[in-house]
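Colleague: I am new to this structure and would be grateful for an introduction. May I put some questions to you once it is displayed?

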Amino acid sequence: MKKLQILSIIAFLIFISWYTLSCTSSTTEMTYDSSKLRKASAEEVEKIVEAVILANDGDLIDIPEGYYSFKTQLILDNKNNIQIKGQGMDKTVLSFRELKTGGEGVKLVGNDILIQDLSIEDAPGDGIKSQHSDGITFRRINVTWTNGDKSKNGTYAIYPVQCKNVVIDECIASHSKDAGIYVGQSENIIVKNSLAFGNVAGIEIENCDNAEVFGNTARDNAGGILVFNLPGLPKSDGKGTKIYNNNVYSNNHVNFATPLGEDPNGNTVTMIPPGSGIILLAAKDVEIYNNRIHKNKTVGIAIANYHVTGFPMDAPNWSPFSSNVFIHNNDYERTLKLPDLSKEFGQLIFIYNAHGKGKTQDIIYDGFFDKNISTTIQTNPMNICLQEEEINNLHFTLFDLWEGEKNIKATKDYNPFVCKTEVVTQVKHLSLR
Amino acid sequence: MRKKSLLKTLFYSLILFSILECTSKEKEHIELWDASLISDIDLPYKNINAIDLNEIPFDNLSDYGFFQGLIRNLDPVEGVLLYEPASSLFTDYAFKSRFIWLPKGNSITIQNDVEGTFDFPDNTILIKNFYYPVDFSQPEGIRRILETRLLVKQRGTWEAYPYIWKDDQSDAQYKVAGAEIKVHWKDYNGDQVMINYLVPNKNQCKSCHNIHEQLVPIGVKAKYLNHTIVHKEESENQLLKWAISGKLSNYSKEKRYPSMVNYQDTSQPLELRARAYLDINCAHCHRAEAPGSTSGLFLTYEEMDPMKLGILKTPVAAGFGAGSFKFDIVPGKSDQSILTYRMGTNLVGAAMPELGRVSVHQEGLELIKKWIDEM
């Protein structure tokens, strides 16, 4: 009898370990097949390079159907009112597999720029970057990598940084080693009706002001949607993000930002535990509502402060705390899969959550707060507000990590956080773009 | 004399032969440049003072009239002035020669900022030639010029015009879209080296020459020129020389201008050498006013904030450029610093600087490693 018991325990353990391992999914799914396209000649490729390099204000650059292999970066230099148009995401493909130097495949700088209806693949660094632009619209742009081995993929797929008035609409971003759609150090942003899958992070808003993220699908990434504020940047902090009507599901992809088995490096994204729906890190003024947050095996929404990274926090005009957050009317569905064990945060949730070992969480709060405001988190000093209908049935965990690993505390008590708050964004003027 | 050149030819063809022998195994036929391709076509004389500046860019480098005699000798005409910055950007071990031309009667004024930036008159032309001696131990010997980059200030703004040299070295042609050129040389150790040299496309110039999204020169500032150079038996401080030749209008002998050391000058303190290296190789981009500002890593010679210099600073958008490391610089530990990792890799997307090299600058890397290790 006893023997049987031991056997069954062993069988159970084997089952558990198999289960845990098999949950770490990976995908190389493609949304189009560029091998079927006509290969553009070297002359045709050069013509496009020259058209972009020598563009004048007001130009429309039309790129015919075909597969274009570039050996040099495609750079638009500080022009106004430019449109670059392909014939469709599966018809016009710009490949940067042959690029031997440079940070990104396409770089657009200027004002009132529109790029639409094309795909960009296999850039060694970032797919498409825009910097210092006022008025930049990406519409039906698909950026991806075709490597079977995803460790060779580039950093960001769609990458506007230090821009104003950014619209990302009906785009697809996949298989990037960091964030698929990454908006950094920018103001006035719409990311809508887009799809991000197979990335480490699906959509990321970092050190930005006034952003709305809606109507998107973020699936099969390690983390679905991220709002971060990192220290020490020229745009020192950001606030005002609304995340609504998104589909954030099955973000259970392995985190391939660093090689398997290697520890996270200094890039914060390397710490993200697979199975994360939405993560806030040092985020200010964020409203998350009407989203479908399903089957993310570790956590639906995580509210974190920069303390959890363990990195230095000394930076001017920047706060490590997440504050003024309003989470309401979201639809949660957990999965039977076990939370991640590959990253520290995954382990924290797996082991120490308030609902029992191995339980997926819907909402967690790491519990750091500004002690200049209050001596206890019970007063909700950072104004973190939850208004979820069935909060009783949700897995909510409030951690207390002040004493470090040796004394991690966790509670289910959400009562201090039942409140409402206001988050203001204003992006109406972008809807005409 | 003739015998000697015959011997030389024999020697080079032997080297070429041995290279071909090695590479033929790959079945890929690699056409190598050799000195026999050089031809002595003498082009008609152009008077630089009579060219129509509004027609710039010209199709050929020879259309400008910068040089007299065979153009490949890069012998400047009167008014085209050679200059050398204190420290020089690494570009795959290419040798460089630089000249400046100003329209007659015009001059530069030095600004009062920390770097001593210059205010240039319209139609200033900066000329930078990139070449490889066939044998690095004989820098004055046979050489192959690959490209000449012009920066021209037209109606208040700078424009970049890249010219690629013909194999026969008889002239160079304007090329917007960049190029990839196989180049080989014998290095200081006597080893044959071959690389695919990448000529940037016109707009890639601005990846480095960029302040507030305006194209600007890099090496022509007081801090880079405030030192003595020897040229044609003359030895003089460059700023003074420019002032004497009428190119600098507000130079004052009494005033102290900023200056930077030559990172190769081992008599200088390690700190200054390392900072000079980072300045000329990185700070054109890694400064608050330039594209690399996204990283928050600022590497100008004048930067004092340890975090902005990368000390225990986490990366932002480094992607796999961070390797397996947490901080840009870990004092005392160059082997755990992202800075040296990115300098030491050729992986596109991780390699820094992003442009201008397909090989690692071993000497520069050693310098920065030493600096970090001694922190």
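This is a predicted model: local features need pLDDT of at least 70, side-chain atom pairs count only at pLDDT 80 or more; totals for chains, interfaces and linings use all residues.

Colleague: Which residues have the most contacts inside the largest nonpolar core?

Modeller: The largest nonpolar core holds 201 residues. Strand S5 (residues 104-121) of chain A gives the largest share of this core, seven residues. Domain 2 (35-244) and domain 3 (270-373) of chain B each contribute at least three residues to the core. Those with the most contacts inside the core are Ile158(A), Ile181(A) and Leu280(A).

Colleague: Which residues does Leu280(A) touch, not counting residues up to four places away in sequence?

Modeller: Leu280(A) is one of the residues with the most contacts inside the largest nonpolar core. Leaving out residues up to four places away in sequence, the residues that Leu280(A) touches are Val227(A), Val286(A), Ala302(A), Ile303(A), Ala304(A), Ser322(A) and Val325(A).

Colleague: What is the strand content of residues 108-252 of chain A?

Modeller: An unreviewed UniProt entry places the feature "domain: Right handed beta helix" at these residues, 108-252 of chain A. The end C-alpha atoms of the span lie 33 Å apart.

Colleague: What is the radius of gyration of chain A?

Modeller: Chain A has three helices and 29 strands. For its 433 residues the globule rule gives 22 Å, and the chain's own value is close to this, so chain A is as compact as a globular protein of that length. Its radius of gyration is 22 Å.

Colleague: What percentage of the residues of chain B count as buried?

Modeller: Chain B contains seven helices and 16 strands. Its radius of gyration, 22 Å, is close to the 21 Å that the globule rule gives for 375 residues, so chain B is as compact as a globular protein of that length. A residue is buried if 20 or more other C-beta atoms lie within 10 Å of its own. Of the 375 residues of chain B, the buried percentage is 41%.

Colleague: Which element gives the most to the side of chain A that touches chain B?

Modeller: The contact takes 41 residues from chain A and 39 residues from chain B. Helix H2 (42-53) and strand S3 (74-85) of chain A each supply at least two residues of the side of chain A that touches chain B. That side divides into 14 nonpolar, 19 polar and eight charged residues. With four residues, the element that gives the most is H2(A).

Key: Residues are numbered from 1 along each chain as its sequence is written. Chains are lettered from A and ligands numbered from 1 in the order in which they are written. Two residues are in contact if their C-beta atoms, placed from the backbone, lie within 7 Å. Ala, Val, Leu, Ile, Met, Phe, Trp, Tyr, Cys and Pro count as nonpolar, Asp, Glu, Lys and Arg as charged, and the others, Gly among them, as polar. A nonpolar core is a set of buried Ala, Val, Leu, Ile, Met, Phe, Trp, Tyr and Cys residues joined through C-beta atoms within 7 Å. A residue is buried if 20 or more other C-beta atoms lie within 10 Å of its own, exposed if 12 or fewer, and partly exposed in between; C-beta atoms are placed from the backbone. Domain bounds come from an automatic or database domain assignment. UniProt positions are given in the numbering used here, feature names are shortened, and annotations may be inferred rather than shown by experiment. The radius of gyration is taken over C-alpha atoms; the globule rule is 2.2 Å times the number of residues to the power 0.38.
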